[in-house]
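Hello,

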Amino acid sequence: MITVNPDGKIMVRRCLVTLRPFRLFVLGIGFFTLCFLMTSLGGQFSARRLGDSPFTIRTEVMGGPESRGVLRKMSDLLELMVKRMDALARLENGSELHRAGGDLHFPADRMPPGAGLMERIQAIAQNVSDIAVKVDQILHHSLLLHSKVSEGRRDQCEAPSDPKFPDCSGKVEWMRARWTSDPCYAFFGVDGTECSFLIYLSEVEWFCPPLPWRNQTAAQRAPKPLPKVQVEGQRELRSGPLQAVFRSNLSHLLDLMGSGKESLIFMKKRTKRLTAQWALAAQRLAQKLGATQRDQKQILVHIGFLTEESGDVFSPRVLKGGPLGEMVQWADILAALYVLGHGLRVTVSLKELQSNLGVPPGRGSCPLTMPLPFDLIYTDYHGLQQMKQHMGLSFKKYRCRIRVIDTFGTEPAYNHEEYATLHGYRTNWGYWNLNPKQFMTMFPHTPDNSFMGFVSEELNETEKRLIKGGKASNMAVVYGKEASIWKGKEKFLGILNKYMEIHGTVYYDSQRPPEVPAFVKNHGLLPQPEFQQLLRKAKLFIGFGFPYEGPAPLEAIANGCIFLQSRFSPPHSSLNHEFFRGKPTSREVFSQHPYAENFIGKPHVWTVDYNNSEEFEAAIKAIMRTQVDPYLPYEYTCEGMLERIHAYIQHQDFCIAPGPALPEAHAPKSPFVLAPNATHLEWARNASSAPGAWPPAHSLRAWLAVPGRACTDTCLDHGLICEPSFFPFLNSQDAFLKLQVPCDSTESEMNHLYPAFAQPGQECYLQKEPLLFSCAGSNTKYRRLCPCRDFRKGQVALCQGCL
């Protein structure tokens with residue numbers, strides 16, 4: 001018989017010898033059961049979140065019968081273990097007595113090894129039984145409380161029948177079936193209960209009326225204020241909004257633009273290089289505006305095409321001769337907004353966009369978590385799509401604040417979703433139902449959109465004299481950085497080579513030179529300053545039809561070059577040219593750079609038929625004899641762009657709901673009079689100007705176009721610009737009568753060519769949909785009624801009294 005030994009090792013060995021395998025198995029089962037019990041209880045109680053209202057208790061917590069059943073089964077299992085351990089202990093005691101030879105004395109430290117464990121298991125079983133009783137009481141109390149609250153709120157957690165909210169019941173049905181389809185609903189507190197549906201639909205969205213028992217003050221989420229960008233020299237007024245103050249130091253803007261992308265590096269270099277010109281332009285415009293007060297706007301600029309989600313196709317191509325026109329324009333937009341003194345945020349990633357907008361987590365089904373903190377958002381088509389996807393219902397609410405930088409423009413027929421779908425104008429880029437003026441173009445293609453533009457470097461008088469004296473009379477630079485532009489142009493290049501030395505700036509890999517004629521001196525891709533120096537030496541800048549409407553021709557003209565381009569016959573459009581196919585415009589392009597042809601012209605711009613070798617060669621000879629000075633249109637100077645964007649920000653407001661397109665029958669007659677020569681309508685001198693109209697209504701002139709002529713061309717024929725915001729003034733039968741047009745009948749329809757007169761049937765047509773008023777478009781069946789206005793010299797976007 002082993003004597004008592006204080007050594008712990010001997011005690012462990014004694015226990016292992018005494019506890020047979022079956023006892024070890026039972027002990028393990030008991031330990032596992034205890035752990036499972038504590039984990040289950042912990043999960044049950046932790047599921048009851050702090051702060052949940054009684055009527056939003058989750059079903060997991062309310063599973064009272066299941067919880068009590070588990071506890072009872074555990075208690076029964078432990079009691080069975082106790083009985084078996086007791087029987088085993090008695091059996092073991094009998095064996096010990098037999099082996100001990102009648103020795104019945106057991107010291108305190110020599111008690112049978114199963115006795116202590118059995119007592120512990122009995123204690124655990126009793127504790128489990130007590131816990132089961134307590135849990136049963138708690139769950140019973142919770143069920144009673146939930147029942148009372150449900151009875152008190154049941155009638156208030158049902159979709160109300162309110163004629164002011166006709167979609168409420170339908171939205172509740174949708175939420176029942178689909179609330180788990182987007183995590184954003186759970187983010188706003190939706191948990192599958194009727195009350196959570198109604199709270200969400202009344203407080204986050206607006207489809208249901210507010211619940212009367214809700215604390216509306218607490219339910220309303222306070223908007224997170226947008227930090228103001230520090231303005232140089234700005235002093236906060238005691239009351240009212242901050243006033244915008246012109247900036248001359250652009251170092252903070254360079255920080256806002258970020259880094260890490262080749263596109264951003266290019267844009268920052270351009271902005272830094274033009275800092276002095278922006279500062280001088282700000283000084284000039286400040287003097288012109290005098291004491292005009294300008295509210296500081298909070299503006300978000302999201303460059304969607306630079307995000308990874310859209311492919312960021314431009315950044316990798318910046319150093320390989322890719323198109324730089326978009327980045328030139330975006331750099332100048334950022335600079336203009338900043339110099340004008342507005343608060344600015346710049347994003348080039350979807351994550352940054354979501355953070356600045358307050359987008360809830362999820363898939364974009366829910367509205368923003370706070371009121372939009374920006375007065376204006378400048379983006380592109382990629383960014384527009386991203387915002388629609390992630391802003392949910394808030395996109396429709398705030399889209400009037402968006403300005404879309406759209407290189408080639410979007411005509412109203414493509415912009416109106418229903419009309420575009422019904423009449424074959426649907427493309428991948430249109431159908432947004434915006435005011436067409438919200439689309440801002442690189443050149444003034446169509447007055448239906450707003451002309452944003454960009455900046456070309458302006459030379460001072462000293463620089464102009466140096467350039468004029470340093471020109472090479474026989475040097476030509478070809479417009480085109482990609483080798484594909486040169487293919488098939490050997491004939492033209494051969495003629496040009498007889499008279500001039502030809503230079504190119506085609507990107508090429510050192511292992512594979514570009515396929516250009518051997519007589520061409522190719523400089524490779526040049527940084528912008530070096531390219532400018534090349535243009536300052538050259539006599540001619542020649543284009544071969546592509547790319548369309550880029551900034552390079554204006555830069556060349558500003559550096560004293562003559563621009564020679566090809567005339568297109570027939571004109572290029574989405575009907576006959578792959579490049580324009582799918583773009584939201586029916587515009588016909590008659591040359592590579594229509595702006596240069598129509599608004600600059602000779603002697604700086606020559607447009608000839610490249611298919612006629614004799615005409616082409618004659619143009620080269622004439623150009624060699626022609627002397628020109630560097631020229632830059634005012635609207636493409638820093639001051640011109642600042643002036644234009646200032647006017648837009650101050651006067652364009654697309655959040656005001658448009659009035660009905662068709663005047664009521666009892667509406668007063670239009671304030672027009674027939675001009676003395678009886679050719680057009682004018683705003684009557686004694687008529688009051690339309691309040692809030694911009695451009696001012698007194699600048700309106702109205703002509704009836706010839707059949708098949710667009711309003712854009714009709715106004716240009718008279719030295720004016722078509723102004724779509726004036727269409728509502730003309731959209732009445734009275735305007736036709738004053739033009740002495742006999743209307744046998746007058747109808748109102750949705751058509752982007754109306755108002756118009758159909759001569760064969762003597763019918764007058766009025767516009768039914770305000771978003772379809774359009775300067776673009778023509779049909780030989782109609783004589784369109786066209787609103788025109790004057791414009792400031794060198795600033796086609798603004799009328800004489802628009803600033």
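A residue is called buried under 20% relative accessible area, exposed over 50% and partly exposed in between, using a 1.4 Å probe and protein chains only. Tyr548 is buried by that rule, at 5%, while Phe546 is partly exposed at 32%.

This is a predicted model, in which local features need pLDDT of at least 70 and side-chain atom pairs count only at pLDDT 80 or more, whereas totals for chains, interfaces and linings use all residues. Residues are numbered from 1 along each chain as its sequence is written, and side-chain values use heavy atoms, with hydrogens and water left out.

Aromatic rings. Rings of Phe, Tyr and Trp (its six-membered ring) pair if their centres lie within 6.5 Å; planes under 30 degrees apart are stacked, over 60 edge-to-face and the rest tilted. The count is 40 aromatic pairs. One of them joins Phe546 and Tyr548, edge-to-face, with 5.5 Å between centres and 90° between planes. Both residues belong to a cluster linked by ring pairs, along with Phe408, Phe568, Phe579 and Phe580.

Nonpolar cores. A core here is a set of buried Ala, Val, Leu, Ile, Met, Phe, Trp, Tyr and Cys residues joined through side-chain atoms within 4.5 Å. The largest has 83 residues, and Met267, Trp278, Tyr378 and Phe541 touch the most other members. Helix α12 (residues 325-339) gives the most to this core, eleven residues; helices (H or I, at least four residues) and strands (E, at least two) are DSSP runs numbered from the N terminus. A second, separate core has 27 residues, including Ile485, Trp486, Met500 and Leu540. In soluble globular proteins, nonpolar side chains tend to be buried together.

Contacts (heavy atoms within 4.5 Å). Leaving aside neighbours within four places in sequence, Met267 is in contact with residues that include Met257, Ile303, Met327 and Trp330. Val741 lies in the loop between α27 (733-738) and β18 (745-749) and is buried, at 6%. Not counting residues up to four places away in sequence, Val741 touches Leu704, Phe736, Phe757 and Cys764.

Helix α23. Among the residues buried in α23 are Phe616, Ala619 and Ile623. The buried residues of this helix pack against α19 (490-497), β10 (540-543), β11 (562-572) and β13 (605-608).

Regards
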